[in-house]
Amino acid sequence: MKKVFALVMAAMMVVAMFAGCGSSSSADAGTIKIGMTGPLTGGAAIYGTAVEAGMKIAVEEINAAAGEDGLKIAFQSQDDEHDGEKALNAYNTLKDWGMQFFAGAVTTGPCLQIAPETVEDQIFMMTPSGSSDKIANSGSNIFQMCFTDPNQGASAAQLVYDQQMATTIGIIYDNSDDYSKGLMQGFKTKAAELGMEIAIETAFTADNKSDLSTQVTQCKDAGCDFVFLPFYYTEAAQVLTYADKIGYEPTFFGCDGMDGILSMEGFDTSLAEGLALMTPFNPDAPESQEFVAKYQEMMNGEIPNQFAADGYDVIYAIYNACVATGVDGATSAADACAKLEEYFASCTFDGLTGTGMTWNEAGMISKIPAAVIIQDGKYVAM
Amino acid sequence: MQILQYLINGISIGAVYAIIALGYTMVYGIAKMLNFAHGDVIMVGAYISFCVTNYLGLPAIVSILAAMIVCTVLGIIIEALAYKPLRGTSSLAVLITAIGVSYFLQNAAQLIWGSAPKNFTSIVTFKPFSLAGGELVITGEVIITIVISVLIMVGLTLFTGKTRMGKAMRAVSEDRDAAQLMGINVNQTISMTFAIGSALAAVAGVLLCSTVPTLMPTTGSMPGIRAFTAAVIGGIGSIPGAMLGGILLGVIETFSKKYISTEFSDAIVFAVLILILLVKPAGLLGKQVQEKV
Amino acid sequence: MKKIWNKLWNNKNTRTNLITYLVVIVAYAIMQTLYSMGILSSAMKGYMVPVCAYISLAVSLNLLVGICGELSLGHAGFMGIGAFTGIVVAALLETSIPNEILRLTVAMFAGGTMAGVFGFFIGIPALRLRGDYLAIVTLAFGEILKNIFGNLYIGLDAEGFHMAASAGKVQLLEGGKMILDGPVGATGINRLSTFPMGFVLILFTLFVVLNLINSKEGRAIKAVRDNRIAAESVGINVTAFRMKAFVVSAFLAGMAGVLFGLNMSSVAASKFNFNTSINILVFVVLGGMGNILGSIISATVLYILPEAMRGLDDLRMILYAVVLIIVMLCTWSPSVKNVMQRISAAIRDKVSRNKKEAGTNE
């Protein structure tokens, strides 16, 4: 029996090895190859699947518009399970496929893992949603479509100051998430500069976020009339629900991760009334409607969040750059990388998540941080 | 007054841990296996309840019943396909299979319901109580969760103490071979245990998501591990122990967040667990079994 | 010469050990040849070092679970101690030891030692317990370690080494570098790990573990596993042997952690969680408890299997779960084994009957 088992194992190994090899195909000049990795399964799957769907919509649109002779896109997505190690494997798989441009990763950890690889391999990388400032700083070939965390935190503080939204400030943040921590620190630093005092800051971690009642109660006890929530809408929904239960009604203020709260299935949107958030993407805006409709068709009626919109924009940004610089499927990844790097240093791009976007020499984006407030279940620009 | 509010918060999440821990302890006590898929059965229960209320528009009580039925059937199927063939072999083998089942349920849930989190509508409709001029708030969920967990605890104690089936369960737990010799159908008894454990998981799922509304395919796994810890603190296999362990864990967690550090509360919870096991190696209410040669 | 060989070969233990070494060496030779011929895909090249690390982890856990009979659910914690210690040590020694192989070796021993020391201190309370209670305490320690790593800030600048347990406490001078940054973990790691070093680590792990198993102490450890009370009654110091196995296992896991950590450009504390511990345990149980070669093969296959199934998209993880369950049933379940045996017997029967019939027809 043991021998049989060993044989079965050995056989599986051989199969696995062959499956790993020989998957590269010949280059076709009319088609550029874009690959992405993101968490398509596991706890962070919501972000990965949203970006993937946004990108697929862009690819379909472009390929349909390209016609017979136009430049087309071949797209492949790989699951990284929000894990650096898996991300590396996913990236290598894409390289074997012959990827020319890397449009990932979705979350910061995998981005930081892959970034040095793309530098070494000379592959152009543009992350839709990896927001740590460390990512773009990893290399000159790396660009970001979203705001960096400290910048966004700082502009949030500026906005709060300008609009005089707060007298006593409380912060709840996710201590195990660098996105949340980056925002919190950016906010805190700017708030200190502006002379705003923070009464209480309290944290949770990925392992104990199933219960946030203590943190909300702490803010209530500190008498905060303004609570900054730099994390994702999943946890924010918990905070809002619990605050409502105990009758606590400060101004809640979120960041781009908060976007999506209104479309959360089963969520009582009246709880989100008066919630303010920073988001580059507004699904209720007229220019977003076509995208929203396509996304809903693809994802069983779900309303897209900014992750999906960022993914959509990344594909268009890369495609436009290729058209502008004459890069096609036959260009080597390194040549394409050099050309796009030069192009993005001076281009402006209009997309779903903003107009007149530009990138600085580090690869960080500059776009106008838009803030919205929720009124009658809709986003209204502030 | 403040400290009371945190105590209530702690008891609230603790009561949810307690219900999950009751299911763990039940299965461990009788089948002697660590069922790491228990947390995922909870998640399935919550999804079923969510679908029945939100898509079919049926009242909460029907959704709970539906969740219990589905989970019971699921529990029996899992037991028959994945655990029963391994009975009598190493308990580690069953542990690994349970982990396989856990992966399966999580990924199947993602395929069926998608990865986007859903916001669970609480089954409790009445308003929270406000005491001491609004300084102290007791939500309806806290009361319901505590009442139901106490009911379940009493019910299980009576069931294992008084009924024929319950006595058979205790006999199987005590000595499987001797029980078989006495004419007890061991396989059937263990399947029954899984059925009850899974029905409890459905109730736990509904209550968990009523207290903490986020529902996604990984919802069950972390509370599952917490509840397992709670069951061990109380003495795994002991029904009142699970209840005590759950409440204690919830209170410790909340107090360490409030008074020590929110960053290190996970470490504190597990450190307390280790301390308790050092003083009482079989948990607070567990039986110390003398090993024989 | 031949006599010695025969003597070695006829001893069952020695033979199994020799086969184990041989398999590892041959596998290394094949992979290295393929690598130098340049026909390996990037994905394949990427698997090589992590597989080495996981093999070492599985073998070291097998010492604890299979040989010693203690269930540990916190192996990833030791891996994490090793990884972070190794990363910090490698970063500190960047200028003083320019040779990469030497630096990696020093980092490995530092990581292993740190994990071993932690293993010792964790072992004192943990080994007072047995069975599932020991398992839960190791789980608890794993979670505590993960929580602490996630809040550790270590930086290096002109003034030297800074360390704190909360953000913002580490203020670095211009040109300083954060080595460990709380929840983000270590970033910008200089990747020192190589496949040959992974191979050396596997050989070292095998050497330590196989020697321990086949020594007098190893027999005592197995006696403790099979019947603790009987072992105690014939004068075996049970606690000392359990502790030794625990510390050695932690030490080796720490070394493997260094190899793993220095193979990545960024490592976060959340990597060393319960799931990773469980994954290593799956390698051990599937490969067969106490079967070292089994651990090596199953770690390799189970690491590559979900990667090789990438083509299946949505169904990948669900099929992986199904394969896991089925393989467990096929290797462990007495009834399934029976059925398989009956089927194979029936096939053999049919084949031989067919042959016979063919014979009579002639």
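Two residues are in contact if their C-beta atoms, placed from the backbone, lie within 7 Å. This is a predicted model, in which local features need pLDDT of at least 70 and side-chain atom pairs count only at pLDDT 80 or more, while totals for chains, interfaces and linings use all residues. Residues are numbered from 1 along each chain as its sequence is written, and chains are lettered from A and ligands numbered from 1 in the order in which they are written.

In chain C, residues 24 or more positions apart account for 75% of the contacts with a separation of 6 or more. Chain C contains 14 helices and five strands; helices (H or I, at least four residues) and strands (E, at least two) are DSSP runs, numbered from the N terminus. Of its 362 residues, 50% are buried, that is, 20 or more other C-beta atoms, placed from the backbone, lie within 10 Å of their own.

In chain B, helix H9 covers residues 221-234. Twelve of the 14 residues of H9(B) are buried, among them Phe228(B) and Ile233(B). Their cover includes helix H1 (2-31) of chain B and helix H6 (131-149) of chain C. After H9(B) comes Gly235(B), with a positive phi near 105°.

Between the two chains, 34 residues of chain B are in contact with 35 residues of chain C. H4(B) gives the most to this side of chain B, with twelve residues.

Methods
Expected span 1.5 Å × (residues − 1).
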